[in-house]
Amino acid sequence: MMVKCEYCGGMIDDQQTVCPHCGATNLNVKRTVNHSPKTIEELKQWYQDRHLPPYETTRFFIGIDYQFPRAFGIYQDGNEFVVYKNKADGSRAIRYRGTDEAYAVNELLLKLKSEILNQKARNNSTRFSGFPDKTLRSNKLGSNFLRHFTYLLMIGCALGCFLQLFEPKPTYYRYNSHVYCEYKDNYYEYDAGLKDYRAISSNLVPAVLKDRDSDYEFDSSDINWISSYSFMDSDCYENNIQPYERSNSDSSSHSNSNDSDYDWDSGSSWDSGGTDWDSDW
């Protein structure tokens with residue numbers, strides 16, 4: 001599949017690691033890692049191990065050529081593997097068709113992981129907002145407590161918004177086909193294969209970026225491949241996760257350690273209605 005280079009805009013094959021036009025890293029390349037599922041059967045097992053709801057609930061159909069609207073899926077067609085999305089209107093967008101099963105599986109796995117995190121975030125938001133009303137409204141004492149709790153919550157939110165004005169913001173840099181982020185004197189580098197930021201030692205950051213050279217700064221909202229949650233939710237700086245030194249084994253050692261993040265709570269509700277079913281992916 002042909003994709004657009006993020007830097008020069010030229011069209012390149014999505015499996016090329018660098019752009020033949022400008023030499024920039026192809027950020028669309030998806031890298032599989034050790035212990036990640038590489039076959040459809042392994043992906044089915046990964047799905048079961050996470051205790052996820054049935055396919056009809058999550059709308060992810062593994063090993064099935066599902067023909068109805070609103071679905072993501074993967075199946076084998078002869079010697080080829082097909083990764084697809086059925087839109088709300090029933091039309092199908094093909095994400096990948098080819099003979100590389102590991103690549104195809106990883107395409108759907110990345111999308112599934114992203115959706116799991118989105119669903120967890122929605123559940124957490126619903127639980128927080130619904131807690132006072134469901135538990136305290138049943139009696140007068142509860143009602144009074146709820147009223148005071150609401151006032152305190154409003155004050156807390158207002159105070160939080162005020163303090164946020166003085167909260168330092170992440171600064172993003174693009175330098176030599178790499179994307180870096182500086183936040184609270186800590187540095188992070190974007191890993192296109194993992195679609196996430198990783199903390200790095202400051203001595204790995206180019207000196208020009210440490211000087212805050214505005215020539216390399218950019219607005220992260222200008223590019224669509226940076227996850228809105230991946231940097232802030234990683235909490236590297238709060239959990240004292242040590243910055244890593246690059247090595248050939250970085251991808252596998254760091255991606256697998258967080259697989260438990262995708263375990264599903266059977267008491268949570270999965271709502272696929274909030275998924276963007278009109279886009280190609």
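Does K87 count as buried or exposed at 16% relative accessibility? In this predicted model, K87 counts as buried, because its relative accessibility of 16% falls under the 20% limit. The legends below return to this residue after an overview of the chain.

**Figure 1. Overview of the predicted model of the protein chain.** The protein chain holds six helices and eleven strands, and buried residues make up 41% of its 281 residues. Among the contacts with a separation of 6 or more, 53% are between residues 24 or more positions apart. The accessible surface of the chain comes to about 16,100 Å², and carbon and sulfur atoms account for 49% of that surface.

Figure 2. Leaving aside residues up to four places away in sequence, Y47 touches L52, P53, P54, Y55, T58, I62 and L112. With T58, the side chain of Y47 makes a polar contact of 2.8 Å. L112 is 65 residues from Y47 in sequence, while the C-alpha atoms of the two residues are 9.2 Å apart in space.

**Figure 3. The largest nonpolar core and the contacts of L52.** The largest nonpolar core comprises 31 residues, and those with the most contacts inside it are L52, I62, I74, L108 and I116. Two or more residues each come from helix 1, strand 3 (60–62), strand 4 (71–77), strand 5 (80–86) and helix 3 (101–136), and helix 3 gives the most, with seven residues. L52 touches W46, Y47, L112, I116, Y262, W264 and W270, not counting residues up to four places away in sequence. Another core, of ten residues, lies apart from the largest one and has C181, Y188, A192 and F218 among its members.

Figure 4. Strand 9, residues 186–191, pairs with strand 10 in the antiparallel sense over five bridges, and D191 stands opposite D196 in strand 10.

**Figure 5. The salt-bridge network of D77, E80 and R97.** A search of the whole structure finds eight salt bridges, and D77, E80 and R97 are linked in a network of such bridges. Between D77 and R97 the closest N and O atoms are 3.2 Å apart; D77 lies in strand 4 and R97 in strand 6 (residues 92–98), so this pair ties together parts that are 20 residues apart in sequence. Between R97 and E80 the closest N and O atoms are 3.1 Å apart, and since E80 lies in strand 5, that pair ties together parts that are 17 residues apart in sequence. D77 is partly exposed, with a relative accessible area of 38%, R97 counts as partly exposed at 40%, and E80 counts as partly exposed at 30%.

**Figure 6. The salt bridge between K87 and D280.** The closest N and O atoms of K87 and D280 are 2.6 Å apart. This pair links distant parts of the chain, with K87 in the loop between strand 5 and strand 6 and D280 in the segment after helix 6 (250–255), 193 residues apart. K87 counts as buried at 16% relative accessibility, whereas D280 is exposed, with a relative accessible area of 52%.

Definitions and conventions: Residues numbered from 1 in each chain as written. Predicted model: local features only at pLDDT ≥ 70, side-chain atom pairs only at ≥ 80, totals over all residues. Heavy atoms only, no water. Helix = DSSP H or I, 4+ residues; strand = E, 2+ residues; numbered from the N terminus. Buried < 20%, exposed > 50% of the residue type's maximum accessible area, 1.4 Å probe, protein only. Contact = heavy atoms within 4.5 Å. Areas by Shrake-Rupley, 256 points an atom, 1.4 Å probe, with all protein chains shown as cover. Polar contact = N/O pair within 3.5 Å; in protein donor to acceptor, adjacent residues only side chain to side chain. Core = buried A, V, L, I, M, F, W, Y, C linked by side-chain atoms within 4.5 Å. Pairing = 2+ DSSP bridges. Salt bridge = Lys/Arg side-chain N within 4 Å of Asp/Glu carboxyl O.
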